[in-house]
Amino acid sequence: MSYNSSAMGSGSRTGRMSFEFGRTHVVRPKGKHQATIVWLHGLGDKGSSWSQLLETLPLPNIKWICPTAPTRPVTLFGGFPCTAWFDVGDISEESPDDLEGLDAAASHVANLLSTEPADIKLGIGGFSMGAATAIYSASCRILGQYGNGNLYPINLSAVVGLSGWLPCSRSLRNQVSVSHEAARRAASLPILLCHGSGDDVVAYKHGEKSAHTLSSSGFSNLTFKSYNGLGHYTIPEEMDVVCNWLTVVLGLDGLRLVDH
């Protein structure tokens with residue numbers, strides 16, 4: 001699958017470019033299939049990096065889908081190409097939003113989930129830029145549409161973001177407040193955000209502010225977990241919390257893990 005995107009830079013349109021999504025890795029459930037989660041890697045990474053970790057988690061009822069982002073020029077790296085879900089010039093929620101790239105990534109994820117059986121609960125998670133894409137997908141679900149106005153087709157049951165941030169934060173609160181349906185969806189969608197205080201790539205303040213913006217926009221079923229001294233990576237304690245949270249919110253079979 002490919003998408004067209006305009007160069008971000010100063011915000012001017014300098015022509016359309018087509019980018020191909022990379023390889024998708026799937027981790028099949030070892031037990032009864034109850035949920036499917038698309039998990040999105042960070043900037044410069046690939047789907048296989050996370051599929052290897054997710055396969056080791058004690059969540060036998062989840063099918064994991066780990067796509068790989070397109071290789072594209074990234075403004076943050078002076079236009080140097082790497083795998084990226086969208087273009088970004090500064091990793092923060094104040095950065096100009098590549099709405100076309102975000103919509104293309106969210107649409108790709110929705111397409112991956114669209115063929116799952118009707119009785120399977122659906123979720124999206126990710127790390128860093130992947131977390132930002134997952135959170136953006138959550139906002140699309142709440143509003144019922146992508147940024148370009150096209151219908152968002154997936155009913156999400158869980159969203160997880162590790163070391164990420166909220167794109168398009170400046171307009172979210174107003175968009176939710178003018179729609180009773182959006183407000184109802186926002187209040188009911190479970191979201192787990194985790195961030196380390198020692199993160200020197202996506203600063204902790206951005207994760208904290210993103211959580212506050214979501215909460216103040218009506219996302220009342222949101223959990224924010226902070227980890228003292230944790231840098232821009234994950235640790236077993238954080239993944240234990242993710243497993244425990246997913247088991248509860250998705251109603252999965254199996255024992256609940258010990259809280260950290």
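This is a short tour of a predicted model, going from helix contacts to a pocket and then to an aromatic pair. Residues are numbered from 1 along each chain as its sequence is written, local features need pLDDT of at least 70, side-chain atom pairs count only at pLDDT 80 or more, and totals for chains, interfaces and linings use all residues. Side-chain values use heavy atoms, with hydrogens and water left out.

**Helices α2 and α3**

Select α2 (99-113) and α3 (129-143); helices are DSSP runs of H or I with at least four residues, strands are runs of E with at least two, and both are numbered from the N terminus. The axes of α2 and α3 come within 10 Å and cross at roughly 85°, which makes α2 roughly perpendicular to α3. Axes are lines fitted to C-alpha atoms, for helices over the stretch in contact, with angles from 0 to 180 degrees between N-to-C directions. Angles under 35 degrees count as roughly parallel, over 145 as roughly antiparallel, 65 to 115 as roughly perpendicular and the rest as oblique.

Next, show Leu99, Leu102, Asp103, Ala105 and Ala106 in α2, which meet Thr133, Tyr136 and Ser137 in α3 (contact means heavy atoms within 4.5 Å).

Now select Tyr136, Leu143, Gly147, Cys168 and Gln175, the closest to the centre of the second largest pocket among its 14 lining residues. The volume of this pocket is about 170 Å³. On a 1 Å grid over the protein atoms alone, a pocket is an open set of points where a 1.4 Å probe fits, with protein on both sides within 12 Å along at least five of seven lines; lining residues have an atom within 4 Å of a point. A volume is the space filled by probe spheres set on the points, which are joined across faces, edges and corners. Helix α3 gives the most to the lining, with four residues.

**An aromatic pair**

Finally, select Phe21 and Trp85, a tilted aromatic pair at 6.3 Å centre to centre with 35° between the planes. Rings of Phe, Tyr and Trp (its six-membered ring) pair if their centres lie within 6.5 Å; planes under 30 degrees apart count as stacked, over 60 as edge-to-face and the rest as tilted. Phe21 lies in the loop between β2 and β3 and Trp85 in the loop between β7 and α2, so the pair ties together parts that are 64 residues apart in sequence.
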